[in-house]
Amino acid sequence: MRDFWQQCVKFFVSLQLTVVLLALSMILVFVATLDQVNLGIWAVQEKYFRSFVVLWNVNGIPIPVFPGGYFIGGLLLINLVASHFYRFKLSWQKSGIVLTHFGLIFLLVGELLTGLWQEEFQMRIDQGETKNYSESFLYNELAIVDATDPQWDEVVAIPEERLAQGDTVQHGKLPFQVKTHIYFPNAGLQMRNQLGPAQLAGLPPQMATQGVGTQIAVTPMAMTYKQNERNLPAAYIELIGTEGSLGTWLVSPMLTVPQTFTYQGRTFRLSLRFERAYKPYSITLLKFSHDRYPGTEIPKNFSSQIRLQTADGSVDREVLIYMNNPLRHDGMTFYQAGFDNNDTTTILQVVRNPSWLLPYIACLLMTIGLLVQFGIHLARFVSKRRSAAVVA
């Protein structure tokens with residue numbers, strides 16, 4: 001047992017392990033960079049850097065082919081910490097190296113926490129509009145809203161993953177089950193009366209028996225991984241009550257108006273929408289400004305004058321958001337990301353990252369460590385030169 005423990009310690013503190021992990025990191029970055037053309041930056045991050053194993057699909061079967069970022073980064077962190085406890089002894093001469101390594105540890109931990117905790121959404125607000133939620137750019141959800149009470153909406157949100165898996169969902173607040181028949185990761189919608197018989201013959205079968213979907217044809221599309229584009233899924237879902245089927249609906253984020261139906265004396269609204277994150281406060285767009293360089297259409301600056309309010313009135317203030325001047329509130333950061341609809345709609349990027357300070361701390365520690373270590377060596381070099389000059 002003692003020999004096994006010594007072998008484990010020797011393995012985790014070895015310089016050879018450090019070199020191998022750094023080499024694997026370079027290969028991982030190189031392969032991920034090449035694959036970014038096919039997957040886009042978000043998918044590459046999830047597949048290569050925020051995973052323990054990189055999986056490649058071979059004839060539809062996921063095969064592990066390479067260690068992922070979490071695995072390599074985790075081993076590097078263990079290797080670095082173990083080496084410090086096992087090899088290094090605290091002394092003034094090595095204080096710079098210790099600080100630099102602590103900065104590297106903070107950097108690795110910060111990246112791990114960012115991958116686990118960071119949330120990134122968007123908030124599109126028309127001028128004069130008020131919103132208390134942001135929307136995901138990547139993910140969707142099936143929203144079933146009980147709108148029976150005119151003063152209050154009861155919302156049940158089913159994640160897109162459950163639809164993709166074809167699960168039958170039974171929620172305690174719903175008097176019916178939700179069953180997915182067909183799920184399309186990305187699809188286009190067209191009115192059926194605009195297509196000819198030959199075009200309709202090549203499309204998936206029409207399954208909708210309720211709602212606007214009875215008039216719409218679904219065209220499956222290849223998934224896009226471009227950073228400035230998003231996939232728009234569609235699905236045929238069936239609602240099953242205690243008496244049997246209530247019908248099958250077509251849902252898609254492209255159907256911007258929720259479909260309404262009644263069951264057991266209650267009114268429901270059904271829609272597949274961008275995943276929402278509700279806030280305990282609201283934001284009103286008072287004015288959007290888009291300045292251009294004189295005589296050109298080149299953007300010079302764009303900014304959003306907003307009003308931030310909480311329901312209890314404890315916060316009620318106006319804020320100007322523009323490039324490199326975000327709004328920070330309640331752990332969220334609101335960046336000016338873009339605009340739309342002839343400068344009447346602002347697009348704010350909403351980010352929550354509790355570990356945002358760690359990379360700054362890491363860089364500061366590494367900078368101080370390198371300066372200290374350089375200063376120590378410089379002082380020793382100068383001292384030796386002076387001693388040599390005195391002897392001469």
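This is a predicted model: local features need pLDDT of at least 70, side-chain atom pairs count only at pLDDT 80 or more; totals for chains, interfaces and linings use all residues.
Trainee: Thanks! Is Thr333 buried or exposed?

Mentor: Thr333 belongs to strand β17; strands (E, at least two residues) and helices (H or I, at least four) are DSSP runs, numbered from the N terminus. Its relative accessible area is 9%. That value is under the 20% limit, so Thr333 is buried.

Trainee: Which side chain makes a polar contact with the side chain of Thr333?

Mentor: Let's start with its surroundings: leaving aside neighbours within four places in sequence, Thr333 is in contact (heavy atoms within 4.5 Å) with residues including Gln349, Val350 and Val351. A polar contact needs a pair of N or O atoms within 3.5 Å; within protein, one must be able to donate a hydrogen and the other to accept it, and residues adjacent in sequence count only if both atoms are side-chain atoms. At 3.0 Å, the partner of the Thr333 side chain is that of Arg328.

Trainee: Over which ring does the charged end of Arg328 sit?

Mentor: A charge sits over a ring if NZ of Lys or CZ of Arg is within 6 Å of the ring centre and within 35 degrees of the ring normal. Another case is Arg276, whose charged end lies over the ring of Tyr133, 4.1 Å from its centre. For Arg328 the distance to the ring centre is 4.9 Å, and the ring is that of Trp356.

Trainee: Turning to ring pairs, how are the planes of Phe302 and Phe339 arranged?

Mentor: The whole structure has 13 aromatic pairs, meaning rings of Phe, Tyr and Trp (its six-membered ring) with centres within 6.5 Å; planes under 30 degrees apart are stacked, over 60 edge-to-face, and the rest tilted. The centres of Phe302 and Phe339 are 5.1 Å apart and their planes stand at 65°, so the pair is edge-to-face.

Trainee: How many residues apart are the two parts of the chain that this pair links?

Mentor: Phe302 is buried at 14% relative accessible area, while Phe339 is partly exposed at 29%. Phe302 lies in strand β14 (residues 299-310) and Phe339 in strand β17 (residues 332-340), a separation of 37 residues.

Trainee: And how are the rings of Trp356 and Tyr360 paired?

Mentor: Trp356 is partly exposed at 39%, whereas Tyr360 is exposed at 58%. Their ring centres are 6.1 Å apart and their planes at 80°, so the pair is edge-to-face.

Trainee: Last topic, then. Which residue forms a salt bridge with Glu154?

Mentor: The structure holds 11 salt bridges, each a side-chain nitrogen of Lys or Arg within 4 Å of a carboxyl oxygen of Asp or Glu. Glu154 is partly exposed at 29% relative accessibility. With the closest N and O atoms 2.9 Å apart, its partner is Lys173.

Trainee: Where in the chain is Lys173?

Mentor: This pair links distant parts of the chain, 19 residues apart. Glu154 is in strand β5 (residues 154-159), and Lys173 is in the loop between β6 (168-170) and β7 (177-184).

Methods
Residues are numbered from 1 along each chain as its sequence is written. Side-chain values use heavy atoms; hydrogens and water are left out. Buried means under 20% relative accessible area, exposed over 50%, partly exposed in between (1.4 Å probe, protein chains only).
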